[in-house]
Amino acid sequence: MHDAIVHPNGTRMRWVELPGAAPPRVYVHGLGATSAPYYAEVAAHPLLPRKRSLLIDLLGFGISDRPRDFAYTLEAHADALAEALRKAGVAGASLIAHSMGGAVAIVLAARHPELVANLVLVDANLDPYPPTPVQPGSSGIASYTEEEFVSHGWKEVRDRVGPHWWSTMRLADLRGLHRTAVSLAAGTTPTMRELLKTLPIPRAFLYPEGDPPQDADGLRASGVEVVAIPESGHNIMLDNPEAFARTLATLLP
């Protein structure tokens, strides 16, 4: 395990690191997740050439700290991640980022371009959406006020998401989880989709076969490689790790 101070109050971001050659790879988890359980099998998969790999947890999630005086917006997450990568000596990395983590990775690549040379999004959030009560993910979390979520809403979310997702979501700071979900629902300006289209680096969007992203043709027209992964759902790296690793091997240096 490695760590770096990423906030003036001494807050630390932590990651599991696998040794290997450059260029480095950085794996970023989704909402309520943590990177090592989601990516360990893929990061060490024999189909992938061994590279230095950082399986990193965003602030408020997994093994990283949970500061109360942190905004937990997509932009704040991206800037904290940038600080961790700089202190880890990472530049020109390949980012592999899932769901909410994909939104953070897009913002990171736009705000700190020297850190990211290649971007692989895994069924990532690209557009804002309205908070919707009773939904199990970020939309449902964002439908509560922060105080409602902290006092009782998290229990309702726990019962809706099921034991697999809750096994990592329960590690998240409740306020950090809620604030991140609210920021994800609101999106960025320009939107994550618009930012993605303008990034001057190789980009790919992986999705479960049969459930393509909205306006996939528009993504392709902007140079994003849009790739279907068979026999998978939203958690592609867990559902079909071999196909996921094989695809990464074709996309990454």
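Biologist: Hi! What helices and strands does the protein have?

Modeller: Hello! This is a predicted model, and in it the protein has 10 helices and 8 strands.

Biologist: And how compact is the protein for its length?

Modeller: The radius of gyration is 17 Å, close to the 18 Å that the globule rule gives for 253 residues, so the protein is as compact as a globular protein of that length. Along the principal axes, the C-alpha atoms fill a box of roughly 45 × 40 × 35 Å.

Biologist: How many of the residues are buried?

Modeller: Buried residues account for 57% of the 253. As for the accessible surface, the total is about 10,000 Å², and carbon and sulfur atoms hold 54% of that.

Biologist: Nice. Which residues touch the most other members in the largest nonpolar core?

Modeller: Those are Leu81, Leu108, Leu119 and Leu196, in a core of 65 residues. There is also a second, separate core of 23 residues, with Ala33, Val42, Ala204 and Val227 among its members.

Biologist: Let's stay with Leu119. What is Leu119 in contact with, beyond its neighbours within four places in sequence?

Modeller: Quite a list! Leu119 contacts Leu95, Ala105, Ile106, Leu196, Leu199, Ile201, Pro202, Arg203 and Ala204.

Biologist: How about contacts across the whole protein, what share joins residues at least 24 apart?

Modeller: That share is 69%, counting contacts between residues at least 6 apart in sequence.

Biologist: Changing topic: where is Pro136 found?

Modeller: Pro136 sits in the loop between strand E6 (116–122) and helix H4 (138–142).

Biologist: Why does Pro136 count as partly exposed?

Modeller: Because its relative accessibility is 33%, and partly exposed covers values between the 20% limit for buried and the 50% limit for exposed.

Biologist: What does Pro136 touch, leaving out residues up to four places away?

Modeller: Pro136 touches Val157, Arg160, Val161 and Trp165. Its C-alpha atom is 15 Å from that of Leu174, which is 38 residues away along the chain.

Biologist: One more loop, please. Where does Asp211 lie?

Modeller: Asp211 is in the loop between strand E7 (203–208) and helix H8 (216–221). With a relative accessible area of 48%, Asp211 is partly exposed too.

Notes:
Residues are numbered from 1 along each chain as its sequence is written. This is a predicted model: local features need pLDDT of at least 70, side-chain atom pairs count only at pLDDT 80 or more; totals for chains, interfaces and linings use all residues. Side-chain values use heavy atoms; hydrogens and water are left out. A nonpolar core is a set of buried Ala, Val, Leu, Ile, Met, Phe, Trp, Tyr and Cys residues joined through side-chain atoms within 4.5 Å. Buried means under 20% relative accessible area, exposed over 50%, partly exposed in between (1.4 Å probe, protein chains only). Contact means heavy atoms within 4.5 Å. Helices (H or I, at least four residues) and strands (E, at least two) are DSSP runs, numbered from the N terminus. The radius of gyration is taken over C-alpha atoms; the globule rule is 2.2 Å times the number of residues to the power 0.38. Accessible areas come from the Shrake-Rupley method with a 1.4 Å probe; for residues, only the protein chains shown count as cover.
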